[in-house]
2 protein chains.
Amino acid sequence: MTLDEARARDAADPLRGLRERFVLPEGVIYLDGNSLGPLPRATVAAQTDLIERQWGARLIRSWGEGWMDSPSRIGGKLARWIGAGADEVIVADSTSTNLFKLIVAALRHDPTRTVVVSEAGNFPSDLHIAEGAVACVPGATLRAVPREALAEAIDDRTAVVLLTHVHYKTSQRFDMPAWTKRAHEAGALICWDLSHSTGAVPVDLTQANADCAVGCGYKFLNGGPGAPAFLYVAKRHQAGFDNPISGWMGHADPFGFADPYEAGPGMERWRTGTPAMLAMGALEAGLDSIADISIEVLAAKSAALFDVFAGIGDALGLECVSPRDAGQRGSHISFRHADARAIMGRLIDAGVIGDFRDPDILRFGLTPLYIGYADIVRAGEVLAQVLRHD
Amino acid sequence: MTLDEARARDAADPLRGLRERFVLPEGVIYLDGNSLGPLPRATVAAQTDLIERQWGARLIRSWGEGWMDSPSRIGGKLARWIGAGADEVIVADSTSTNLFKLIVAALRHDPTRTVVVSEAGNFPSDLHIAEGAVACVPGATLRAVPREALAEAIDDRTAVVLLTHVHYKTSQRFDMPAWTKRAHEAGALICWDLSHSTGAVPVDLTQANADCAVGCGYKFLNGGPGAPAFLYVAKRHQAGFDNPISGWMGHADPFGFADPYEAGPGMERWRTGTPAMLAMGALEAGLDSIADISIEVLAAKSAALFDVFAGIGDALGLECVSPRDAGQRGSHISFRHADARAIMGRLIDAGVIGDFRDPDILRFGLTPLYIGYADIVRAGEVLAQVLRHD
């Protein structure tokens, strides 16, 4: 695709106006929205209101004027991106902390099952947290196996299968309904990490009959650096799962100030401490900024952007490690190259921001809200120059 | 003290200029800075820079330009308020989550000791979290006893004594060196919750020889609603204590992406997930806003404000539940009244913001950074009017 062709395609793109909703610096092609989404313009005004009116003027009174309910309210807004009910999602803490809560809860759900099964090479924090969680449940162990050995590793000792839906390096996507079914056939629960999926590809936890999930607010949802994460528990499990990090905000009556812990109803019990409102507000503004957009439309454009970038990679002789079938991947494209670290450094210097993932991966986020075809073609030209001088 | 006398005292107060550093709404006397500190003026500009330049323009590059180091950098700035070394404090997560980490770590420190001793009527989240933590360590139990039974409850089965330095209701303050010594004499560790102490009264963890501590950023440090909390581990314990919520940010090499967890050095291991930068930035701005102020000067003015308010309470026949000896309390004053809930509602309606604590406590924060003698006298006048009509 030539630059002129790409520009023509951008001009005809019904999504092209969405770019105006985001602050994007001059001279930068931002292919890292899968790591940190850019600043939505609406967030600037929302944060001013949050800081100057809600905090500055209303002070403590704001807790009764929208702050206290924010974890469930924002969770409710997020639910549509993951195919969940509004009362099945809560926003709190970090993805890692939420994962810890869920894995401990899942291990306690059926004490006769003691093994957490996950994928070797999964996003490291998932494995690190699983290590920490099994250490909190007597007899529990973590078994991380390569993807091809996963099906066999799920057996009658498996308490919970922990899978990241879209792989952070390769963009490979698990078939959520099929793997959920596989876990259930073995009598195990499944916990999905949706960090690289939410806002990137269609996700339907309800249709897949998933048990629990976590995910991240700062990537495709544009919730700001270190935005609060989310936590999903299917309605049918809510009464039987307990939050091991049992803080006052998850108590049935936080301001009753009773000594014994009593878990709150529904998703409320997954709260722990006081919500970090400045971070919560930015996530809410990010979600509000894209509330009118359909994931199917985004995914279709992402697939088209991928094809353009994959074609450029082929022409440059790069090894693409992401699946060519759009249904089997997320919304980023990765190439393997022995000099990946140095190449990415030079790309960033030239204004093409992607990221390097140790040891040899060049990773580029394809975020249709603000990336067009001409961006991909120009990024490809810079990549070609960098490779020529490598 | 008459209003004129109070105004004269304010005019002579060397701290009076500090009020200009904070945004305080017209018509409000804010006696709730012990619950949510007000907005520092400097925070408005700092957040604009954080949102528009660091996030909006620098995007992902900001992780290498101050974001990644923020937990230890902000911890280092906080250290002076608690008598800690800059390399003994980290800012992360919520107070509740940090407490969970420390109690599990303390219980694992010496498996022959299995009991967490705390005070009945401690801030509920401390007890709730301790319940959750003991459930993660085989054989561990929580023993919460009244203050007068604490000394006896600490024995050779005690793993860790968990005390809140300044009581959230009564303002009673534990003698930190004495109780630390008492725990150590029994061979136990001590963990201090400094939520109502930090920025309120002099704290010296080093001099007290304390083992570990947590505390809150959104009260006297003015870090914003739900600001990140802090966590302290004495240097001598740092190599031997491990974070049970072992997320990637606490890994020795977070971007090495290795499957096995390896704890980071020093305080780094207490990190779990990605720091919520919009909340971190506000806490840093809050700390920067008071970096030139000494806690001794603040505590002296707080004691004088207390005496004025206690005198008003005496004149109104109110039962003060806070100690009269400044050395035995924090920086708030509380009265017991059967109609406390209704009275506080009317005070707030009249612009005097304190808070009600179930079932019968009227609590008023005395925050010398922005509260003067005339504020207390005027608040007393409103309180007298409200009581007359009760």
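Let's start in chain B of this predicted model: B:Arg341 and B:Asp358 form a salt bridge, with their closest N and O atoms 3.3 Å apart. B:Arg341 sits in helix 11 (residues 340–349) and B:Asp358 in the loop between strand 14 (355–357) and strand 15 (361–365), so this pair ties together parts of chain B that are 17 residues apart in sequence. B:Arg341 counts as exposed at 54% relative accessibility, while B:Asp358 is partly exposed at 21%.

**Salt bridges elsewhere**
- Searching the whole structure turns up 48 salt bridges over all chains.
- A:Asp211 and A:Arg236 meet in one of 2.9 Å, N to O, and that pair links distant parts of the chain, 25 residues apart.
- A:Asp211 is buried at 2% relative accessibility, whereas A:Arg236 is partly exposed at 47%.
- A:Asp49 and A:Arg53 also form a salt bridge (2.7 Å, N to O); they are four residues apart in helix 2 (residues 41–57) of chain A, so about one helical turn separates them.
- A:Arg73, A:Lys77, A:Glu284 and A:Asp288 are joined in a salt-bridge network.

**A buried lysine without a salt bridge**
- A:Lys169 belongs to the loop between strand 7 (158–164) and helix 7 (176–185) of chain A.
- A:Lys169 is buried but has no salt bridge, and the nearest oppositely charged side chain, A:Asp360, is 6.0 Å away.
- A polar atom of the A:Lys169 side chain does lie 2.6 Å from the backbone oxygen of A:Asp358.
- A:Lys169 touches several residues beyond four places away in sequence, including A:His332, A:Ser334 and A:Pro359.

Note on methods:
Residues are numbered from 1 along each chain as its sequence is written. Chains are lettered from A and ligands numbered from 1 in the order in which they are written. This is a predicted model: local features need pLDDT of at least 70, side-chain atom pairs count only at pLDDT 80 or more; totals for chains, interfaces and linings use all residues. Side-chain values use heavy atoms; hydrogens and water are left out. Helices (H or I, at least four residues) and strands (E, at least two) are DSSP runs, numbered from the N terminus. Buried means under 20% relative accessible area, exposed over 50%, partly exposed in between (1.4 Å probe, protein chains only). Lys and Arg count as positive and Asp and Glu as negative; His and the chain ends are not counted. A salt bridge is a side-chain nitrogen of Lys or Arg within 4 Å of a carboxyl oxygen of Asp or Glu. A polar contact is a pair of N or O atoms within 3.5 Å; within protein, one must be able to donate a hydrogen and the other to accept it, and residues adjacent in sequence count only if both atoms are side-chain atoms. Contact means heavy atoms within 4.5 Å.
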